[in-house]
Amino acid sequence: MNTTADQAIHSGLEAARWAPSVHNTQPWSFAVSGEEIAVRADTDRKLALEDPGGRELQISCGAAIFNLRTALRQAGREPIVRILPDPDRPSLMATVRLGPDVEPDEHTRMLAGQIERRRTHRTGFTETPVPERLVEQWEREAAAEGATFTPVGAPAAVRALAALTEAAQAVQSQDQPFTLEVIRWARPPGSPRGDGVPADAYPKQAAGEFAQRDYAHLHPWGTDTDQRTSSATGVVALLTTRQDTREAWLAAGQALQRVLLHAAAHGISAAFHTQALEEPHLRDFLRQRICAGAYPQMIMRLGITAEEGHGVRRPLTDLTDS
């Protein structure tokens with residue numbers, strides 16, 4: 001393997017580890033063989049109560065696959081991707097092989113430039129509106145990966161999504177084992193951990209109508225949020241797929257990350273609300289009554305934030321076999 005391939009693979013792996021994941025669990029690992037990278041699910045990091053079927057884990061892995069693809073193309077090699085290539089190895093999410101030389105286009109360069117800059121937001125947004133042209137572009141970005149991005153404009157539908165999120169959060173917060181699973185991934189201030197949600201990445205007091213996770217749970221952690229400048233809901237949107245298979249979950253993750261990177265390139269952040277999707281009856285209600293039969297994979301809000309958080313990731317040496 002020549003130096004160029006080495007550099008491309010290293011760039012791809014570095015990018016993959018910066019993908020978003022549920023509670024920043026980073027549920028993936030990688031193995032390199034020649035010019036091929038295997039992307040594997042780390043099932044030890046699966047949320048047994050919140051995500052028993054592994055849907056959120058595989059969406060997270062899909063986001064890592066998209067980062068890997070983008071970074072390889074940015075490095076000048078076309079990625080050749082096989083999704084779920086071996087039925088006998090269910091934890092193998094994909095193999096990505098270096099293909100022929102390719103000149104990265106402007107769109108690829110734009111997305112690649114946001115991989116380490118993108119951050120998850122966990123409170124309200126400023127009142128500055130998101131341009132409609134960006135929302136329309138996010139629809140196209142998601143469609144290119146086989147998913148549907150649908151902005152929710154009707155106030156009644158937004159209220160319904162907020163109410164379902166609040167209901168799910170209220171039920172989950174009364175479930176002690178569920179709560180303990182969530183706070184396992186909350187990092188105390190000053191923690192040296194390379195995973196989990198940092199204490200400065202969520203507010204002490206949530207703003208807006210969508211319920212937030214209680215990462216602090218009885219601790220005075222979190223950041224002070226200016227309610228005067230960070231209380232807007234932003235653009236509420238659903239990410240859906242026509243099927244609810246493992247392939248669809250991985251496609252949803254790739255579509256999600258493609259949207260997030262495009263948004264970040266234009267100064268837009270996203271907040272995620274998956275509580276209702278973790279309750280089977282509520283998720284089915286959403287599918288039948290709001291998503292026209294499509295399967296909801298993510299509820300999110302997008303907007304402009306007054307502050308920018310920092311991200312934490314595990315070192316690449318902890319993630320890679322070669």
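The legends below describe close-up views of a predicted model. Local features need pLDDT of at least 70 and side-chain atom pairs count only at pLDDT 80 or more, while totals for chains, interfaces and linings use all residues. Residues are numbered from 1 along each chain as its sequence is written, and side-chain values use heavy atoms, with hydrogens and water left out.

**View A. An open sheet of 4 antiparallel strands, in the order E5-E6-E8-E7.** Strands (E, at least two residues) and helices (H or I, at least four) are DSSP runs numbered from the N terminus; two strands pair if DSSP finds at least two bridges between them. Strand E5 (148-151) and strand E7 (269-272) are the edge strands, each pairing on one side only. On average, neighbouring strands of the sheet are turned by 30 degrees against each other, direction ignored. Axes are lines fitted to C-alpha atoms, for helices over the stretch in contact, and angles run from 0 to 180 degrees between N-to-C directions.

**View B. Strands E6 and E8, with helix H4 on the sheet.** Strand E6 (residues 235-241) and strand E8 (residues 295-303) run antiparallel and are joined by 7 bridges. Alanine 237 has methionine 300 in E8 as its bridge partner. Helix H4 (residues 132-143) touches E5, E6 and E8, where contact means heavy atoms within 4.5 Å. The direction of H4 makes about 160 degrees with that of E5.

**View C. The aromatic pair of tryptophan 138 and phenylalanine 149.** A search of the whole structure finds 1 aromatic pair. Rings of Phe, Tyr and Trp (its six-membered ring) pair if their centres lie within 6.5 Å; planes under 30 degrees apart count as stacked, over 60 as edge-to-face and the rest as tilted. Here the centres are 5.9 Å apart and the planes make 75 degrees, an edge-to-face arrangement. Tryptophan 138 lies in helix H4 and phenylalanine 149 in strand E5, so the pair ties together parts 11 residues apart in sequence. Both residues are buried (under 20% relative accessible area; exposed is over 50%, partly exposed in between; 1.4 Å probe, protein chains only).

**View D. The largest nonpolar core, with 27 residues.** A nonpolar core is a set of buried Ala, Val, Leu, Ile, Met, Phe, Trp, Tyr and Cys residues joined through side-chain atoms within 4.5 Å. Residues with the most contacts inside this core include Trp28, Phe30 and Cys61. Helix H2 (55-74) is one of the elements supplying at least two residues; the largest share, 7 residues, comes from H2. Cysteine 61 has a relative accessible area of 0%.
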